[in-house]
Amino acid sequence: MLIAVTVCLAGGIVFLLFKLYAMRRDLQEICDQFASRMQTDTNIGIDTASADPGIRRLAADLDRQLKLLRQKQILYTRGDQEVKTAVTHISHDLRTPLTAIYGYLSLLEDEQMTKAAAGYLSMIKNRADVLKVLAEELFRYSVILSVDVSAQYEEVTVNAVLEESLAGYYGAIQKAGMIPDIDICRQPVIRNLNRQSLSRIFSNIIGNALKYSDGDLKVTLDAAGRACFSNQARNLDPVSVGHLFDRFYTVESGRGSTGLGLSIARTLAEGMGGTIQAEYEEETLHICVYFQENSQACRIL
């Protein structure tokens, strides 16, 4: 009798172990399918050959939620594309009336007018210039969002691109009375990036420094590929710095700012797998960009 009970218990344990193994295998299969469906654009659902009712219900629920998530993703992508298209059209449409405004302003400048009228004309032209800059930034922003920069990757020497960006702002830096403190490592930092996008990132950050700086600029690039731009900015505060990468966000001290420069820089940096952060310490703004080294895309000679 005892032997029979022992055999039954042993058989039950073996059956439960086999059942547990089969359930673990089926759950792993569901997990693999879910991960695969999340990484690929496909309408194939999640299915299981398991005979267990609970596991089949789990697979059905995951399949249903995955389909809902995909529908929302399609709506989001469609809406996002519509917004990009609308911004492109709006910025393009603004150019025509702006061209006409500049034409009439040019004609007015040739007319005789009082000192007050000339002052008003100057203010109108200044506002028109700001509007023109905003329209151009809107257009560039929409173009940047619609272009897949990853298709144009190449090995880029970050040191050289940074030096070129600084040289491009030499006149503006000199006009602002700045004597920049530049410390770029001699060791070439090589990354697989879109060269034009990297140049735009650096240029936008330098341009931001010119708007907010109290008269200084420090630029560093270390061998790890971390580029930092620092300048005193007493008119800023930690709250406003936290919003610097928001689209269209400006602060009163930003001279001629459209609020898109740093937003574009962040979009480009993150699109290439990098990071960009802003910190505010002791009335100094630090903006750092970093593209990490990896075996596939980066190396340091």
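Predicted model: local features only at pLDDT ≥ 70, side-chain atom pairs only at ≥ 80, totals over all residues.
Me: Which residues is Arg 37 in contact with, leaving aside its neighbours within four places in sequence, and what distance separates the C-alpha atoms of Arg 37 and Arg 70?

Reply: With those neighbours left aside, the contacts of Arg 37 are Thr 42, Ile 44, Gly 45, Ile 46, Leu 66 and Arg 70. Arg 70 stands 33 residues from Arg 37 along the chain, and the separation of their C-alpha atoms is 9.9 Å.

Me: What is the secondary structure of the chain, and what percentage of its 301 residues is buried?

Reply: The chain comes to eight helices and eight strands. Among its contacts between residues at least 6 apart in sequence, 70% join residues at least 24 apart. Of the 301 residues in the chain, the buried ones make up 33%.

Me: Which residues have the most contacts inside the largest nonpolar core, and which element supplies the largest share of this core?

Reply: The largest nonpolar core has 43 residues, and those with the most contacts inside it are Ile 201 and Phe 202. Several elements each supply at least two residues of this core, including helix 4 (158–168), strand 3 (189–193) and strand 5 (226–232). The largest share, eight residues, comes from helix 6.

Me: Which residues is Phe 202 in contact with, leaving aside its neighbours within four places in sequence?

Reply: Phe 202 is one of the residues with the most contacts inside the largest nonpolar core. Once its neighbours within four places in sequence are left aside, its contacts are Val 158, Val 161, Leu 162, Ser 165, Ala 227 and Phe 229.

Me: How many residues are in the second, separate core?

Reply: This second core is separate, and among its members are Ile 30, Ile 46, Ile 55 and Ala 59. Ile 46 is also in contact with Arg 37. The number of residues in the second core is five.

Me: At what angle do helix 6 and helix 8 pack, and why is helix 6 described as roughly parallel or antiparallel to helix 8?

Reply: Helix 6 (residues 195–212) and helix 8 (residues 261–271) pack with their axes 9 Å apart and at an angle of about 150°. Because angles over 145 degrees count as roughly antiparallel, helix 6 is described as roughly antiparallel to helix 8. The crossing of the two helices is left-handed.

Me: Which residues of helix 8 meet helix 6, and how do the residues of this contact divide?

Reply: From helix 6, Ser 197, Arg 200, Ile 201, Asn 204, Ile 205 and Asn 208 meet Gly 261, Leu 262, Ile 264, Ala 265, Leu 268 and Ala 269 in helix 8. The residues of helix 8 that are buried include Leu 262, Ile 264 and Leu 268. The residues of the contact divide into seven nonpolar, four polar and one charged.

Me: Where does Glu 282 lie, and is this residue buried or exposed?

Reply: Glu 282 has a positive phi of about 50° although it is not a glycine, and it lies in the loop between strand 6 and strand 7. Glu 283, found in the loop between strand 6 and strand 7, has a positive phi near 60° and counts as partly exposed at 39% relative accessibility. With a relative accessible area of 78%, Glu 282 is exposed.

How values were computed:
Residues numbered from 1 in each chain as written. Heavy atoms only, no water. Axes fitted to C-alpha atoms, helices over the stretch in contact; angles between N-to-C directions. Helix = DSSP H or I, 4+ residues; strand = E, 2+ residues; numbered from the N terminus. Parallel < 35°, antiparallel > 145°, perpendicular 65-115°, else oblique. Left-handed = near helix turned anticlockwise from the far one by under 90°. Contact = heavy atoms within 4.5 Å. Nonpolar A, V, L, I, M, F, W, Y, C, P; charged D, E, K, R; others polar. Core = buried A, V, L, I, M, F, W, Y, C linked by side-chain atoms within 4.5 Å. Buried < 20%, exposed > 50% of the residue type's maximum accessible area, 1.4 Å probe, protein only.
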